Amino acid sequence: MNTRKIPLRKCTGCGEMKSKKEMVRVLKTPEDTIVLDATGKKNGRGAYICNSLECLRKAIKSKGLERSLKTAIPKEVYEQLESELNEIADE
């Protein structure tokens with residue numbers, strides 16, 4: 001019997017708790033750049049969003065990502081995240 005607990009993370013957009021596998025990690029690197037971390041293993045402060053543009057837009061609107069990553073996020077970065085999310089969704 002496998003009793004390992006599945007790590008749950010909260011989406012900064014919709015606020016739902018989901019397993020890490022269902023989500024995308026947004027990362028603030030030590031160099032203060034914001035990137036999508038598909039592997040979930042990179043170093044830095046991470047925040048999670050559901051694998052949907054809708055949740056990314058909610059996170060942008062509510063400034064959820066900015067709060068989680070403790071930094072201001074420029075509009076260009078959000079646009080880049082949006083296009084990267086589109087690519088992941090298309091796979």
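Student: Which strand gives the largest share of the lining of the largest pocket?
Tutor: Strand β3, residues 23-28, supplies three residues, the largest share of that lining. Strands (E, at least two residues) and helices (H or I, at least four) are DSSP runs, numbered from the N terminus. A pocket is an open set of points on a 1 Å grid over the protein atoms alone, where a 1.4 Å probe fits, with protein on both sides within 12 Å along at least five of seven lines; lining residues have an atom within 4 Å of a point.

Student: What should I know about the model itself?
Tutor: It is a predicted model: local features need pLDDT of at least 70 and side-chain atom pairs count only at pLDDT 80 or more, while totals for chains, interfaces and linings use all residues. Residues are numbered from 1 along each chain as its sequence is written, and side-chain values use heavy atoms, leaving out hydrogens and water.

Student: What volume does the largest pocket have?
Tutor: The volume of the largest pocket is about 240 Å³. Among its 13 lining residues, K20, M23, A38, T39 and G40 are the closest to the centre. A volume here is the space filled by probe spheres set on the points, which are joined across faces, edges and corners.

Student: How do the residues of that lining divide by class?
Tutor: The lining of the largest pocket holds five nonpolar, three polar and five charged residues. Ala, Val, Leu, Ile, Met, Phe, Trp, Tyr, Cys and Pro count as nonpolar, Asp, Glu, Lys and Arg as charged, and the others, Gly among them, as polar.

Student: And the second largest pocket, which residues line it?
Tutor: Its lining consists of R4, K5, I6, P7, S19, K20 and K21. By class, these are two nonpolar, one polar and four charged residues. The second largest pocket has a volume of about 160 Å³.

Student: Back to β3, then. Why is it largely enclosed by the rest of the structure?
Tutor: β3 is largely enclosed because six of its six residues are buried. Buried means under 20% relative accessible area, exposed over 50%, and partly exposed in between, with a 1.4 Å probe and protein chains only.

Student: Which residues are on each face?
Tutor: M23, R25 and L27 are on one side of β3 and V24, V26 and K28 on the other, and all of them are buried. In a regular strand the side chains alternate between the two faces of the sheet.

Student: In which sense do β3 and β4 pair?
Tutor: They pair in the antiparallel sense, over four bridges; two strands pair if DSSP finds at least two bridges between them. K28 has I34 in β4 as its bridge partner, and R25 stands opposite D37 in β4. β3 is also joined to strand β5, residues 45-50, by six bridges, and these two strands run antiparallel. There, V24 has I49 as its bridge partner.

Student: Is D37 buried or exposed?
Tutor: D37 is buried, at a relative accessible area of 2%. D37 belongs to strand β4, residues 34-37. Not counting residues up to four places away in sequence, D37 touches R25, L27 and K42, where contact means heavy atoms within 4.5 Å. A polar atom of the D37 side chain lies 3.3 Å from the backbone nitrogen of K41.

Student: Where is T29 placed?
Tutor: T29 is in the loop between β3 and β4, and T29 is buried, with a relative accessible area of 11%. Leaving out residues up to four places away in sequence, T29 touches V35 and N43. In the hairpin of these two strands, with five residues between them, D32 takes a positive phi near 70 degrees.

Student: Changing topic, what contacts does L69 have?
Tutor: Setting aside neighbours within four places in sequence, L69 is in contact with V26, K28, I34, R45, G46 and A47. L69 lies in helix α2 and is buried, with a relative accessible area of 0%.

Student: Which loop holds K70?
Tutor: K70 is in the loop between α2 and α3 (75-90). K70 has a positive phi of about 55 degrees, although it is not a glycine, and K70 counts as exposed at 61% relative accessibility. K63 is found in the loop between α1 (53-62) and α2 (64-69). K63, which is not a glycine, has a positive phi of about 60 degrees and is partly exposed, with a relative accessible area of 44%.

Key. A polar contact is a pair of N or O atoms within 3.5 Å; within protein, one must be able to donate a hydrogen and the other to accept it, and residues adjacent in sequence count only if both atoms are side-chain atoms.
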